Amino acid sequence: MCSVQETSLDLNVNIKPATKDCIKCKTTKATVLIRHSTYCKKCFQHVFVGKFRKNVEKSRISSNSTKLNGCGEKVMIGFSGGPSSRTMLQLINEYNETHPHETSKKCAYSEIIVCHIDESVLFNYDSTSSTFSQESTILQVEKIVQKYNYPFIGLYLQDIFNPDVTKSGCYSNVLELAVDDAKILQLEEGSVVAPTEKLLHLLNNVSKSTAKEDFIWYLKLCYLIFTARKNGCKRLFLGDCSSRLSIKIISQTSKGRGFSLPLETSGEIDWFEDVIITRPMKDMLSKEIGIYNQLNGLESIYVPSMTSMMHPKASIERLTEDKEFPSTVSTIARTGAKLTPSDSIVKENRCVENNKIWQDRITVMTIPSLHKSEECNGQQSSSNKTTSRYDNCNTINDESTTNVEFMDLLCYACRVNMLYVNVINQRIILPPYVAEGVEEQKNNNRKQMKKQIENYLLCDDEEL
Amino acid sequence: MSLIKVKLSFSGGMELLFNNIKQKHIEISSTINPPNATTMKDLILWIRENLLKERPELFMSGDTVRPGILVLINETDWELEGELEYEIKDGDDIVFISTLHGG
């Protein structure tokens, strides 16, 4: 123990630069140390804003948006109210106001919408009295956004259960998970169960906090994307900073999401086809962001997360949050940035829960295929020891989907998460967009099957 | 022994550990450990003993603040000011920012 501390002390001595002047202008006394470089206040801000602009510029050029229409595209900012997205909002605003490369008064973006999703239902909702112990974060966020004159959309996470948060915009069925099967259910008219209760019921029955965090994140991401799509935004800005991304890279890898990692963490992805996700903050450390906000008086709101105030080892994500060595972060982030999605990705294979594309081949967990499950109706299937909770496949009728079928539509990591959902004696409801995805996939399968046997079918006409 | 005035600020979620207090003016001895002048090390311990309301393990690790907590002394990164060895002066403005939830 003692020797470990000694070596880390030595390291500290070595990496501290001897000069106390700004390495950029070399005239002013340095006030900020970023990794191994010292900056004065002015140069720090210059470098910081420069990094941001470089990323934004790159994404605009690659999308050719300026050529298509002179006024740029309509974009949405995912704004949590936390420090990183707070900086992002400010910098996008500055960028859009004074666009450096265009002489005429053109804006980089035709319209900017700010969207915030309130998660307070997860932390301070008292289900006995149906009241919140704290005011919604929407009000605090709205106060900040008002300074910028952008349209603001404040959403509640529980409203992911609304029928309009789907591709078709009016799909009201939900997916119910039970011990023996997963059913697509019609939502009863005047249902007494409020969305808040549904969401809490779902999340409270997830036994591992790592899986729960995952659930919350994908519900949020899907909600943001659906909202962007609904409002005709071509681009969604997310404020993941470099520190956050390196945490993600490590935690996602350990959760079994390595395959989709490049698409989760890269600065620009077209994963969701019509909505491009851009992460302009990907090169900033959380330290830089903290200092920038402090120097510029940018106030952020405190957004509690599930593991706030909890033990540092409460979940995988929380565990990877601790960071002792400043260079590790950028090394991980840059290594992660070199990853590119495999060419063999089949676009049709989408996980219904998070809408991501995934690959069947790379899963280590054996899931009985659809055909197999039909063969062994009512029997215990042999190969699904890991999914023992789901191994009673009941007879398939038109409305119900067996869990095996449902699991087939999930990516590996989501399957693992599903193992932590406690379905015994519980009826867990998944939001409509999942149910819609399941139905869509089933129809696709049916279409494919029909195509295969097309030649052998007798047409109605011929029959006559 | 004389008293020195110091302005402390907590942000980025740090305030939760301090009963939601974002700013506090304090007066401490110029030599908490006589005969040496009061350093950041002394101040951090003083804060833990006198101001911290809960979860000391989220504030400190070893004898310094937890990694991920940013400290600015008069708008200057404390890493350039000698960190724990920095001697507190009268009128110093010290900011603690938690960066652990930068998302």
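1. Welcome to this structure. Let us begin with chain A, which holds 17 helices and 14 strands. Please keep in mind that this is a predicted model. Chain A has 464 residues, and buried residues make up 41% of them. Of the contacts in chain A with a separation of 6 or more, 69% are between residues 24 or more positions apart.

2. Next, the domains of chain A. Where they meet, domain 1 of chain A brings 16 residues to the contact and domain 2 of chain A brings 22 residues. On the domain 1 side, strand 1 and helix 2 (41–63) of chain A each supply at least two residues. Helix 2 of chain A gives the most to that side, with 13 residues. By type, the residues on the domain 1 side are six nonpolar, five polar and five charged.

3. A helix to look at in chain A is helix 16, which covers residues 432–453. With 22 residues, helix 16 of chain A reaches 32 Å from its first C-alpha to its last, close to the 32 Å expected at 1.5 Å a residue. Its buried residues are Pro432(A), Tyr433(A), Val434(A), Ala435(A), Glu436(A), Gly437(A) and Val438(A).

4. Now to the place where the two chains touch. Chain A contributes 30 residues to this contact, and chain B contributes 20 residues. Four elements of chain A give two or more residues to the side that touches chain B: strand 1 (32–34), helix 4 (83–97), helix 8 (242–255) and helix 10 (286–295). Which element of chain A gives the most to this side? Helix 10 of chain A does, with seven residues. The chain A side as a whole divides into eleven nonpolar, eleven polar and eight charged residues.

5. Strand 5 (residues 69–73) and strand 6 of chain B run antiparallel and are joined by two bridges. Looking at the residues, Ile73(B) has Thr76(B) in strand 6 of chain B as its bridge partner.

6. Some backbone details in chain B deserve a look. Pro34(B) and Pro35(B) are joined by a cis peptide bond, with omega about 5 degrees. Pro35(B) sits in the loop between strand 2 (23–29) and helix 1 (40–50) of chain B. Glu83(B) is not a glycine, yet has a positive phi of about 45 degrees. You will find Glu83(B) in the loop between strand 6 (76–77) and strand 7 (92–98) of chain B. Glu83(B) counts as partly exposed because 18 other C-beta atoms lie within 10 Å.

7. Asn149(A) has a positive phi of about 60 degrees although it is not a glycine. Asn149(A) belongs to the loop between helix 5 (137–146) and strand 7 (152–156) of chain A. Is Asn149(A) buried or exposed? With 9 other C-beta atoms within 10 Å, Asn149(A) is exposed.

Note on methods: Residues are numbered from 1 along each chain as its sequence is written. Chains are lettered from A and ligands numbered from 1 in the order in which they are written. This is a predicted model: local features need pLDDT of at least 70, side-chain atom pairs count only at pLDDT 80 or more; totals for chains, interfaces and linings use all residues. The expected span of a helix is 1.5 Å times one less than its number of residues. A residue is buried if 20 or more other C-beta atoms lie within 10 Å of its own, exposed if 12 or fewer, and partly exposed in between; C-beta atoms are placed from the backbone. Two residues are in contact if their C-beta atoms, placed from the backbone, lie within 7 Å. Ala, Val, Leu, Ile, Met, Phe, Trp, Tyr, Cys and Pro count as nonpolar, Asp, Glu, Lys and Arg as charged, and the others, Gly among them, as polar. Two strands pair if DSSP finds at least two bridges between them.
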